[in-house]
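Dear colleague,

Please find the sequence and the structure just below, followed by notes on what was found.

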Amino acid sequence: MPELPEVEIVRQSLNKKIKQKKVKKVIVRNRNLRFKIPSNFNSYFQNKKIIKVGRFSKYLIVYLPQENYCLIHLGMSGTIHVVNNTTINKRTNTSFYNSPLLPKKHNHVELIFNNFKIVYNDPRRFGFFQIIKNNLELKKRLNHLGPEPFDQNFDLTYVYNFFKGKNKDIKSFLLDQKFVSGIGNIYASEILFLSKINPFKKVKLLSKKECQSIIINSKKILLKAISKGGSSIRDFKDTSGLKGGFQDEFKVYQQEGKQCKNFGCSNLIKKKIISNRATFFCNSCQK
Ligand SMILES: [Zn+2]
């Protein structure tokens with residue numbers, strides 16, 4: 001499943017391609033995605049100019065005129081393809097999972113522009129398109145999500161107060177989208193390694209200094225992942241066919257049994273599975 005950096009890479013490719021472009025026609029082949037595509041979906045897009053493509057957490061936000069929005073979530077297996085009309089593109093996938101070229105099956109939604117089209121492919125259909133009619137509704141829709149690590153509200157007061165008296169471990173909180181949104185399993189392990197904090201430490205025991213270090217390193221790790229084009233696991237590539245490079249920067253994720261990369265530490269990286277998620281850490285550096 002793509003995490004924030006990977007969705008951001010998709011946003012950048014998509015925004016470059018469809019910003020300020022007018023939708024000529026819409027084809028919906030299968031309405032039954034995670035949420036059923038409403039019958040007014042076609043008229044909602046037809047002849048409208050896309051203002052821009054934004055993002056919050058793992059949601060893409062298509063901005064249309066008059067405070068109209070469309071929320072897109074890629075679910076488990078959704079990919080967005082850009083298909084040119086005249087020239088054949090070598091690679092159509094704006095996201096990094098599955099086939100680099102448009103598959104024959106599971107193409108559920110098409111937005112047709114002047115000389116290209118955008119095709120939504122999703123074999124497992126956990127992704128969705130959702131119409132949002134105004135700013136207030138958009139805020140409400142995303143209300144269940146905590147701030148992104150880049151948000152100025154994700155500060156020491158917020159984090160320290162959130163953790164007060166809570167018994168759960170820090171790794172679970174980093175994955176809890178109500179606390180902070182956009183961090184998934186890969187980046188949670190990396191953030192905690194960089195912060196020298198044991199993933200199983202109860203949050204009520206974290207000092208202010210430790211909280212501050214989580215805040216700083218969350219931003220650092222995600223920004224670095226975005227700048228590297230995401231992490232190429234399972235063939236994650238962008239539209240130009242480039243692989244993300246962040247997997248080469250993994251210090252702990254999928255590094256079990258390897259020597260810790262911190263200077264002077266000869267400990268081996270451990271892997272523990274807690275509630276179906278693998279956690280990677282160095283139990284000498286992370287206290
Ligand atoms: Zn170590």
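**A zinc site and a helix pair**

Cysteine 285 is buried, because its relative accessible area is 16%, and buried here means under 20% relative accessible area with a 1.4 Å probe and protein chains only. This is a predicted model, in which local features need pLDDT of at least 70 and side-chain atom pairs count only at pLDDT 80 or more, while totals for chains, interfaces and linings use all residues. Residues are numbered from 1 along each chain as its sequence is written, and side-chain values use heavy atoms, with hydrogens and water left out.

The zinc ion is coordinated by the SG atoms of Cys260, Cys265, Cys282 and Cys285, at 2.2 to 2.4 Å, where donors are N, O and S atoms within 2.8 Å of the metal (3.2 Å for Na, K and Ca). Cysteine 265 lies in the loop between helix 7 (208–227) and strand 9 (270–274), and cysteine 285 in the segment after strand 10 (277–281), so that this pair, 20 residues apart, links distant parts of the chain; helices (H or I, at least four residues) and strands (E, at least two) are DSSP runs, numbered from the N terminus. Cysteine 265 is also buried, with a relative accessible area of 10%. In sequence, the donor residues follow the spacing C-x4-C-x16-C-x2-C.

Turning to the helices, helix 1 (residues 4–18) and helix 7 pack at an angle of about 40°, with their axes 9 Å apart, the axes being lines fitted to C-alpha atoms over the stretch in contact and the angles running from 0 to 180 degrees between N-to-C directions.

With kind regards

Note on methods
Buried < 20%, exposed > 50% of the residue type's maximum accessible area, 1.4 Å probe, protein only.
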